[in-house]
Amino acid sequence: MKTKGIKYSLAFFLSLLCGLLLSGCWDRNEINDLAIVLATGIDYSHQKVELTAQIFIPRKSGSVSSTGSSESSPSGVTMIRTAEGSTIAEALNRLQRKVSREMFWGHCEVVVISEQAGKQGLREYLDFLLRYPQFREHAYVFTSGGEAKEVLALLDPLERSSAESLREMANLGLGSRVTLLELAQSIASPSGSAILSRMLISPADPGQKKLATTPYAKGISLFKDGYYVKTALEPVSVGVLLLSNELNNFIMPIELPQVKGAFSIRMNKVKTKLTPSIVNGTWGMGVHIESEGEVVLNTTNYDLANPVMLSKVEEAWLNRFKELAEQALQLAQKDLSADIYKFADQFRRYNAGIWKKNQENWLTIYRNMEVEITGNVIITDTGKSIEPQGIPHQASN
Amino acid sequence: MSKRQGAGGSSDGTVITGQPEIDGARLQSIFLDCSDMVFHTFQTNSRLSAVCIFCVGLCDAERIERQVLKPLAETEGGSPTVSSTQLVYTLQEASQAILDGFALLLMEGESNGTIYALSKNIGRTTEEPAAESTVRGPRDGFTESLESNLALLRMRLKIASFKSKTITMGTYTNTKVTLAFVEGLISPELVQEVERRLSRLKIDYVLESHSIEEGIVDERFSPFPQMLATERPDVVVSNLLEGRFVILVDGTPFSLVAPITLSSMLQSPEDYYQNIYISIAIRWMRYIFYIMSLLLPSFYVAITTFHQEMIPTVLLLSIARAREEIPFPALVEALIMEVSFEALREAGVRLPKQIGSAVSIVGALIIGQAATTAGIVSAPMIIIVALTGIASFMVPRYSASISTRLLRFPIMLLAGTLGLTGIILAIILLVIHLSSLRSFGTPYLSPIAPTSAGKLKDVWWRSIPWSKSR
Amino acid sequence: MLPDKGKISASQLAIMIFPTIMATAILSVPSLTMHYAGHDMWLSPIWGSVVGVAAIGISLGLNSLYPGKTIIEVSSQVLGWLPGKLFGFVFFFYWPHLIGLIIRVYGEFISSNALPETPLFVIMGTMTAVCALNVRLGIEVVGRTSQIFVTLLAFLLCLIFVLLIGELNPKELLPFMEKGLLPTLKGAVSPAAWFSEYIVLAFLLPFVHNRKNVTPIMLSSLVVTAIAMVATNLFCLFLLGDLTDSFAYPVMIAARYITIADFLQHIEAIVIAIWIFGIFVKISVFLYIFTITAAQWLGVKSYKPLVFPLSYLCMVFTYWLVSDRPGASSLVSTSANVYTLVILLVLPAALYLIALLKRMLGRKKKRS
């Protein structure tokens, strides 16, 4: 009994040591041996897919002196490497050959797809990104007007990397916030369309290095059946976001008829509700917009404490919404005949039987569908001031 | 040397003859070359020859003179004025009594000897136990003297059903070992079982209670303690009241309490002396830190070398920056740091108190500062090791924390080979071991598995003492 | 004669059963049911649980007819020596098949999700060794370890569900019954196969020391298991929508998707960890039953010497069964489910019927 216990524990330890020393640690990967990829870019040029990785450089930035006197040049935090191939997998293979450490994609939280690449269809990219084990399903997807690698090459002076700035922008709700999984879902859904935020590069401040600047969101890229079809710019893009229920953090000027100046309203909550209906074989869609907002600027001479005025502003605001929505609908229904706002999903949920029968000629139904836009908007706050500010007081009233 | 020898050597059952000269001579031959034995031959007032024998270090010579010799020698028909006396009939008993610190008196014409309890108090006075100090709670602790330890318990348990049985153990040391329990609260089978195990135990010497613990526990090759060693009488009493028994050993302040469970090892007596919410919060913190002290370095090794995607991006980037210059793999780094931490800790215990603080300063400086700047160890690893160290000090029982110190290393190796899967396998192995472990018949994980709903409350909550009344 | 003297309580048994069903079901059932039932797949486990009721009924019935005897002993008594041995032989042969498959599923899962470079043999071998150790220490230890791990499992599973609530989209539930009821019934075959594993009760009930509340406890265990399975399906559906069946392990995708405050993210390693606890209990339970079956079938007094050789046999079976991952996944598909159902449900049901008939005939004889 006595020796048995000792023997067992000795055997256990020895086998552990053997496991470790002989050929163990099969999957061990020291952080020092990893190239941590923060963002991925996909471009398409000359019939080839270009895969770009933004890689973190783990150097202590300029042997940090605690006083922080080291020059705060953003350079050297990230670098990019690009490789091309006939498929994305081939590009990945070549990319690895350009990097001395094993590429680690587990922290890639941003995927940028150039519109050029989007024209070739997202299918290949999505399959790859959802199949390759390391990629995150929660990564945000953007498009870029120019080349994706240019966006990734930026060294944002504010954030650690341009990947970080893109991610933060998505979190702020500037433009649409779409994760990889959501993108795959919306392309697989009956409507087969998707929208993505479109990123451009703001020009560098004079005197700064060319790369020391920030990407910014401008417009929305529209995808139909997995293919890029069009870019919607403001003001249409606002309507697109509005109908997709993705409008956040937006300040909108509202003009009243026969009034000089405008009110600017910051929207705190915008909700769009789609209600499908099939009456006597005519398909119709009700769009109901709910919104709350506060006035942040008043360049008119009117006093908002006046309820009549307030309701007038609200009415004008709602009309502006309707106008935007109609523009966006016009774009989707007539110009592109792409079901960007997922009406198909609504009908499928509304009445699965009828939907199934009419699935074939959905596009024709969609093109001619009557869409009724209703809404309800409320101004919850008029800010710190009651009366318009900055108007020379008419002394002695 | 398993054959039991008489304490005094060759003399066996020789009876006392009633002639002090002969008996004294016999005893003298037994105690040949024992320089601490005093043989005082004298004549009593009534002309009887007598001999008084005692061990000079153990007995109070002055009291013997005043209370035994003086009355006998000076007054006629006088008798010793000692309250605690006992009669012995054989030389074996007599010599044993002398060795136990009694004074033996042999009188002419009496075929028995009388032993007087006139031992000198050579131990220290009770002080607060160093290893188990509390902020609030009784400050007395056990000492090396069995009698005073029993007295400390009796002070708190003024009931007749608090029983104690004493036996001697150890062929060479003849140490007194007392089994104490509260009758009616403890199951009689348990007492029988302990007595059976104690009587079966053949042991050469008992210097510390651990040698007894090792002899009577169910599974002696477990890294987990199956008896609670404590210096605090209040801990012992509260355990006695929960139906456990205690074994007190002469010569050591550490008493052994059993049967215990893992959860009771993680409870501190202080829990019951504090506000209930605070002690529940502290108790949970202790559970968490106990697990941390076991797993934290392994977890760090596993996620930095196997599951980098689990680390939040920002943290990963700073770890990557810190680790960039480090030549060792994370596992080796962790092993180096943990081993040196253990060494530092052990050195701190061994060193005299005055130098101890110097060692900790040097250790902190060398390991903490120099190693990071020299690029041998990364700063995150220092944090992990320091946290682990703190966590292991959170465990109120030294014997429980010492087992995690040992187990940390194999788990680290497993984490280094199989990542989190390895840690999980280690946890499974640990749980298998713990569930098969029993402390005197009680499953070691007992209120949790097998579940007993009533007692489970004291694990995740804290029972209120006055509601425990039976 | 039971080859193990240990006893467990009825609730311990119920706790052991939970991961025995759920551990592998949680991986495969969402996509398997989705394959047939579309997004009404959350209904399928409810239909499937009927099989669980049947299995529990058979086990309890056999146990009340022959208290203190496992199904292997009962079969010899009911059918006679040779047919009884044949009956036992089917199980004796089926268990390594099933255990091998479970270990294989475990190995493939860990290999593809956590340790792609580690040899499969190491992954599976360590697990089998640990389970064998557990089994060798007896039913009491198996009961206690499962108690601890199931508590952890339930707690962490709930935690993950809670963390995911923000990402869920209940609209995915609609359109309800898009293709009618039939597909959901078809989809119920695979959960039914899992629920048929409740027949392990017929082997384990003799080890329960307190038989008073066995029936209600077992039925509530069934309800809990069914709810857990429905909840898993619902969560996958709400999160992944129609894409659910396009992933090999939808629950893993769900876990990877968790992002709380940019800090708590990518906790799939934790999910794997929890899941290992579950699979450990599952393998242990079946390995225990296997050794008990073998001991009784061979007429050995103690099952303990059999544990290690039989575990090794199961390890070998993992390689005999399949050679690659697609093979392993085909073994949990529909045809395999039918195979499981026949052995775990139809055979014991037949035995129970014969036992009942015999009992009735015996009574008639007595009366006449």
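**Domain arrangement in chains A and B**

In chain A, the C-alpha centres of domain 1 and domain 2 lie 31 Å apart, the domain bounds being taken from an automatic or database domain assignment. The structure is a predicted model, in which local features need pLDDT of at least 70 and side-chain atom pairs count only at pLDDT 80 or more, whereas totals for chains, interfaces and linings use all residues. Residues are numbered from 1 along each chain as its sequence is written, while chains are lettered from A and ligands numbered from 1 in the order in which they are written.

Domain 1 of chain A comprises 33-58 + 76-233, and domain 2 of chain A covers 245-388. Between these domains, 16 residues of domain 1 of chain A are in contact with 13 residues of domain 2 of chain A, a contact being counted if the C-beta atoms of two residues, placed from the backbone, lie within 7 Å. On the side of domain 1 of chain A that touches domain 2 of chain A, the elements giving two or more residues are β7 (193-201), β8 (215-224) and β9 (227-232) of chain A, and the largest share, 3 residues, comes from β9(A).

Chain A as a whole contains 12 helices and 13 strands, where helices (H or I, at least four residues) and strands (E, at least two) are DSSP runs numbered from the N terminus. Among the contacts in chain A with a separation of 6 or more, 73% are accounted for by residues 24 or more positions apart.

Chain B is divided into domain 1 (20-116), domain 2 (146-260) and domain 3 (274-458), and the C-alpha centres of domain 1 of chain B and domain 3 of chain B lie 60 Å apart.
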